[in-house]
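This note sets out several points for a colleague who is meeting this structure for the first time. Please read the points alongside the sequence and the coordinates.

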Amino acid sequence: MVIYLNEGETQGFSSKTVVWSQPNQPCTALAWSDFDQDGYLDLALAYPNEDIGIFQLGTSSNIDYELAYEIDSDHPVVSLTWGDWSGDGVSELAVGRVNPDGNNDNTAKRSTVAVYHYSAVNQEFATTWHDSTLSHPTSLAWADWDLDNDFELIVSSGQEGGIVYENANGSPAPVSIPLPPNTSSVTWGDYDQDGDPDLAVGVDGGANEVYNNNLNP
Ligand SMILES: [Ca+2]
Ligand SMILES: [Ca+2]
Ligand SMILES: [Ca+2]
Ligand SMILES: [Ca+2]
């Protein structure tokens, strides 16, 4: 795991621009966010040993990310992303994790999508919601899909296609959407600049596609 400094159009990235590295530590997913809104980006890293590390910048003048929180994810994490799902100004961490034992485990520990919320009182991340509908959540992304000022979560899961979890007053309701089989990655973006988030999907072995959101036709 390394962080490269972007030195602009003429310099770009090179081995000389590594500003932080974590040697010999396999990483399966990572994402940046200033989740606690202190003005400094925090970095979530998922490891094959079923731990997620939340790193925060140290106080030295060098770029020095230090482990601040650890989350036991129960199963290997294959995808993660930050988003303020609860609308309280503090970003939650959504993860897709895969149980190698399939769905024979108890409900809370099946292959699942989980959202972790940071408690400033307890100074820890704890599961605030999970769902076990999908067996291999390869990619996930937040967006205000229906423009009602809260985040929905989209999750892709290989052969199973995908689900958008509607945000209904904090009670996510799964809505199946017809993603192509073997969708491996999803991301939102307002490509036509009409104000609603549109969807791009990457497909393993098929055509990659962009879907228009018809909320603002
Ligand atoms: Ca921060
Ligand atoms: Ca929040
Ligand atoms: Ca919404
Ligand atoms: Ca749009």
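Predicted model: local features only at pLDDT ≥ 70, side-chain atom pairs only at ≥ 80, totals over all residues.

1. Ile52 deserves a separate remark. Leaving aside residues up to four places away in sequence, Ile52 touches Ala44, Leu45, Ala46, Ile71, Ser73, Val77 and Val95.

2. The chain as a whole contains one helix and 17 strands. Of its 217 residues, 31% count as buried. The C-alpha trace spans about 50 × 45 × 35 Å along its principal axes. For a chain of 217 residues a compact globule would have a radius of gyration near 17 Å, and the value of 18 Å found here therefore agrees with that expectation.

3. Contacts across the sequence may be noted next. Among contacts between residues at least 6 apart in sequence, 33% join residues at least 24 apart.

4. One open sheet is built from four strands in the order 7-8-9-10, with antiparallel pairing. Strand 7 (77–83) and strand 10 (124–131) each have a single partner strand and stand at the edges, so one side of each is left without a neighbour in the sheet. On average, and with direction ignored, neighbouring strands of this sheet are turned by 25 degrees against each other.

5. Within that sheet, strand 8 (residues 92–97) and strand 9 (residues 112–119) run antiparallel and are joined by five bridges.

6. Which strands are joined to strand 13 by bridges? Strand 12 (residues 152–156) runs antiparallel to strand 13 and is joined to it by four bridges. Strand 14 (residues 171–177) also runs antiparallel to strand 13, with seven bridges between the two. Particular residues mark these pairings: Val155 stands opposite Ile163 in strand 13, and Ala168 stands opposite Ser171 in strand 14.

7. Strand 12 and strand 13 form a hairpin, with five residues between them. In the turn, Gly158 has a positive phi of about 50 degrees.

8. Is strand 13 mostly covered or mostly exposed? Strand 13 (residues 162–168) is mostly covered, since five of its seven residues are buried.

Technical notes:
Residues numbered from 1 in each chain as written. Chains lettered and ligands numbered in written order. Buried ≥ 20, exposed ≤ 12 C-beta atoms within 10 Å, placed from the backbone. Pairing = 2+ DSSP bridges. Axes fitted to C-alpha atoms, helices over the stretch in contact; angles between N-to-C directions. Contact = placed C-beta atoms within 7 Å. Rg over C-alpha atoms; globule rule 2.2 N^0.38 Å.
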